[in-house]
Amino acid sequence: MNILTTKKSGNCYARWSPTLGELEDTAEHIWGTKTYNPQKHINEPCVFFGLYGLPDFYSLWRHKGKKWILWCGSDILNFRVGYWLDTKGKIKIVPKPLADWINQNCENWVENEAEAMILKTYCGIEKVNICPSFLGNIKDYKVEFVPGNKVYLSANEDRQLEYGWGIVNMIACLLPNIEFHLYGASWKQQPLKNVIVHGRIPKKQMNEEIKKMQCGLRLNKHDGFSEIIAKSVLWGQYPITYLYFPKITQYVKDNCGQPFCLHGLNNLVHLLKKISKIKKPNLEARNYYLQTINQFPWNKYAK
């Protein structure tokens, strides 16, 4: 039965995985859902945001009401290799039986085609829906674009290489007229003059700084629809990503199996050289995502 035609109960809940870090806002505010309490809401419709490990799956399994899963990105990789039963990952649960149960009992949502492909091809999840999400108030994100030469990235501490900071160090010398602003973590490598490390600062301060820049850069090979890309596109900027997203520039389309091939890096340098020459906001991409972000069934169901 299509959930959009199902009679509304008036209540819809969201369970966030404890593994998730700080996001722009809350599900209660953006989706209109309520905070999930398994003791009280076990029979109510609920979206499970993130399945990073066995405790998350157990909460999903014991829930008796309508179940949606919004996969976050790295939780898909955890599911693919098997959930740990010990502290070192030597004892794991294979994903096949869990996938069979999910296919029978849950509705799956992801944020891009790469995530959908992994779930279908490697995890045994048969049907996957795609929709970008952003837990921020979209109405607060007006067009802020001004011409310039500033590019920004973010990373979590100890995951800087995964988020592409090493790539920035490799290419920044070829782009002396571009400023690279790195947020969210420290960076021990000696940066070039055009690489500015801001570290972890309050989100409000970071937003005020990056909204006047020109490009949110997302180099992750495995990712969802990150806040960096969501904000960049809503501000009318020109984000660049490793993964494919409609209306957003993808810098590499290779099948060589390497995370960052020479062809891809050359193309990234070529694209970044164009940033300072752009004079008008990216309204085509902005308008597309204004109509696309957060178009989830639970979002409409809750409201």
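Strand E12 (215-218) is covered on both faces in this predicted model: Cys215 and Leu217 on one side, and Gly216 and Arg218 on the other, are all buried. Buried means under 20% relative accessible area, exposed over 50%, and partly exposed in between, with a 1.4 Å probe and protein chains only. Strands (E, at least two residues) and helices (H or I, at least four) are DSSP runs numbered from the N terminus.

Strand E12 belongs to an open sheet of six strands, whose order is E11-E10-E9-E12-E13-E14 and whose pairing is parallel. Because strand E11 (195-199) and strand E14 (249-250) stand at the edges with a single partner strand each, one side of each has no neighbour in the sheet. Two strands are taken to pair if DSSP finds at least two bridges between them. Strand E9, residues 150-154, is joined to E12 by two bridges in the parallel sense, and Val151 stands opposite Cys215 in E12. E12 also pairs in the parallel sense with strand E13, residues 240-241, again over two bridges. Here Arg218 has Thr241 of E13 as its bridge partner.

The loop between strand E12 and helix H8 (227-234) holds Ser226. This residue has 8% relative accessibility and therefore counts as buried. Between Ser226 and Glu111 the C-alpha to C-alpha distance is 9.1 Å, although 115 residues separate them in sequence.

The chain as a whole contains 11 helices and 14 strands. Its radius of gyration is 20 Å, close to the 19 Å given by the globule rule for 303 residues, so the chain is as compact as a globular protein of that length. The radius is taken over C-alpha atoms, and the rule is 2.2 Å times the number of residues to the power 0.38. Along the principal axes, the C-alpha atoms fill a box of roughly 55 × 45 × 35 Å. Of the 303 residues, 52% are buried. Contacts (heavy atoms within 4.5 Å) between residues at least 6 apart in sequence join residues at least 24 apart in 61% of cases.

Residues are numbered from 1 along each chain as its sequence is written, and side-chain values use heavy atoms, leaving out hydrogens and water. As the model is predicted, local features need pLDDT of at least 70 and side-chain atom pairs count only at pLDDT 80 or more, whereas totals for chains, interfaces and linings use all residues.
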